[in-house]
Amino acid sequence: MANFLLNLPNNFRAVSVSASTSSNGSPPTVPQQGGPVILELPLDKIRRPLMRTRSNDPQKVKELMDSISEIGLQVPIDVLQVDGEYYGFSGCHRYEAHQRLGLPTIRCKVRRGTKETLRHHLR
């Protein structure tokens, strides 16, 4: 079993990836050197730097809330880690569903990036 860590503060939880299957039954993806890792991050540690250009679909958020309550989050949100900060650019409906459910953390696929990568996402 492999465990991948990114110098996490004590309140962050790393997820171990086994060589057989992941918790949702799909084959695991084991990151290569510098590749993404799956982490459970506190919602309040994820910056959402883009202003909403549209509101989330309330029905989709409700359906996700029901699904997350029943079987958990199946697809992690994508997060970019730059200089120890976490930036979320996708997964708006999943993020809102977690907020509305009052869940403190969310499963994230975290990639490390540079300030230049972050600037590219902000364009």
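1. Histidine 93 is a residue of helix H2 in this predicted model. Histidine 93 has a relative accessible area of 9%, and it counts as buried because this value is under the 20% cut-off. Leaving out residues up to four places away in sequence, histidine 93 touches Arg54, Asn56, Asp57, Lys60, Val61 and Leu64.

2. Two packed helices are described by the angle between their axes and the distance between the axes. Here the axes of H1 and H2 come within 9 Å and cross at roughly 65°, and the crossing is right-handed.

3. Which elements supply the largest nonpolar core? That core has 18 residues, of which Leu41, Ile46, Ile77, Val79, Ile106, Cys108 and Val110 touch the most other members. At least two residues each come from strand E2, helix H1 (58-71), strand E4 (77-82), helix H2 (92-101) and strand E6. H1 gives the largest share, four residues.

4. Isoleucine 46 is one of the core residues that touch the most other members. Apart from neighbours within four places in sequence, isoleucine 46 is in contact with Leu41, Ile77, Val79, Tyr86, Tyr87, Gly88, Tyr95, Ile106 and Cys108. Of these contacts, Leu41, Ile77, Val79, Ile106 and Cys108 are also listed among the core members with the most such contacts.

5. Is strand E2 mostly covered or mostly open? Strand E2, residues 37-42, has five of its six residues buried and is mostly covered. E2 runs antiparallel to strand E6 (residues 105-112), and six bridges join the two strands. Within this pairing, valine 37 has valine 110 of E6 as its bridge partner. Val110 is also named among the core residues that touch the most other members.

6. For the protein as a whole, there are three helices and six strands, in the order β-β-β-α-β-β-α-β-α along the sequence. Of the 123 residues, 30% count as buried. Among contacts with a separation of 6 or more, 77% join residues 24 or more positions apart.

Terms used:
Residues are numbered from 1 along each chain as its sequence is written. This is a predicted model: local features need pLDDT of at least 70, side-chain atom pairs count only at pLDDT 80 or more; totals for chains, interfaces and linings use all residues. Side-chain values use heavy atoms; hydrogens and water are left out. Buried means under 20% relative accessible area, exposed over 50%, partly exposed in between (1.4 Å probe, protein chains only). Two strands pair if DSSP finds at least two bridges between them. A nonpolar core is a set of buried Ala, Val, Leu, Ile, Met, Phe, Trp, Tyr and Cys residues joined through side-chain atoms within 4.5 Å. Contact means heavy atoms within 4.5 Å. Axes are lines fitted to C-alpha atoms, for helices over the stretch in contact, and angles run from 0 to 180 degrees between N-to-C directions. A crossing is left-handed if the near helix is turned anticlockwise from the far one by less than a right angle, and right-handed if clockwise.
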